[in-house]
Amino acid sequence: MSPLTHLVGSWLVAVATTDNPRDRKLVTLAGVLPDADGLGAAADVVGSFISGKECTFYYYQTYHHLLLHGWPAAVAVSALLTIFGKQKWRVLFLCLLTYHLHLLCDLIGSRGPDAGDLWPICYSEPLFRHPIWFWKHQWKLDGWQNQTIFIILFATAIRLAVKKGHSFVEVISSHLDSIFVGVLQNWCSKFRKPAGLTQT
Ligand SMILES: [Zn+2]
């Protein structure tokens with residue numbers, strides 16, 4: 001699934017299972033960080049631009065879904081994030097949970113454009129080659145299933161943000177989050193205002 005779907009979904013899990021902003025951000029991050037192994041695409045594009053050669057996406061193809069989409073990275077990243085947590089055992093468990101939720105979502109919904117373009121989860125990479133998991137019914141990355149899931153998650157997250165005063169943007173910046181939530185709450189208050197009270 002897309003990084004944005006992982007972000008919103010992980011944040012919803014974190015909201016439901018943590019009781020402070022720091023732990024909430026850490027648990028959300030754990031659900032997003034697996035896709036950091038796709039950042040090789042940026043190096044590919046920059047390298048191609050500098051060299052003038054055709055972009056082959058070598059680093060992206062070589063490392064995406066291999067470096068950070070297995071249990072070794074899940075354990076390492078979750079342990080690292082737990083260092084910064086308040087309720088450490090809880091954070092460790094929840095980070096492992098959102099990390100694996102990411103892997104599960106990729107297993108069911110990350111297929112390429114062609115029917116045979118399945119994307120596996122190599123669960124022990126980069127330490128061991130096996131096991132390698134496929135799901136033959138894996139749906140397309142931009143398929144209607146992923147789009148429907150995203151719309152539901154996003155709508156739920158927006159509703160919660162208005163109600164609770166924070167959103168998934170807090171993972172990027174608390175300042176940006178307060179602006180984002182402020183705009184949302186402003187919109188909502190206008191929609192909720194009875195028509196008879198509107199000034200003319
Ligand atoms: Zn992923």
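Start where two helices touch: on the α2 side, D23, L26, V27, A30 and G31 make contact with V91, L94, C95, T98, Y99, L101 and H102 of α6. Sorted by class, this contact holds eight nonpolar, three polar and one charged residues. Keep in mind as you look that the model is predicted.

Now step back to see how these two helices lie.

Next, follow α6 along its length. With 22 residues at 1.5 Å a residue, α6 should span 32 Å, and the 31 Å between its end C-alpha atoms agrees with that. Which residues of α6 are buried? They are V91, L92, L94, C95, L96, T98, Y99, H102, L103, C105, D106 and G109. These buried residues pack against α1, α2, α5 (71-83), β1 (121-122) and α7 (144-164).

Finally, return to α2 and look at its pairing with α1. Helix α1 spans residues 3-17 and α2 residues 21-32; their axes come within 8 Å and cross at roughly 145°. From α1, P3, H6, L7, G9, S10, W11, V13, A14, V15 and T17 meet R24, V27, T28, A30, G31 and V32 of α2. That contact comprises nine nonpolar, six polar and one charged residues.

Note on methods
Residues numbered from 1 in each chain as written. Predicted model: local features only at pLDDT ≥ 70, side-chain atom pairs only at ≥ 80, totals over all residues. Axes fitted to C-alpha atoms, helices over the stretch in contact; angles between N-to-C directions. Helix = DSSP H or I, 4+ residues; strand = E, 2+ residues; numbered from the N terminus. Contact = placed C-beta atoms within 7 Å. Nonpolar A, V, L, I, M, F, W, Y, C, P; charged D, E, K, R; others polar. Expected span 1.5 Å × (residues − 1). Buried ≥ 20, exposed ≤ 12 C-beta atoms within 10 Å, placed from the backbone.
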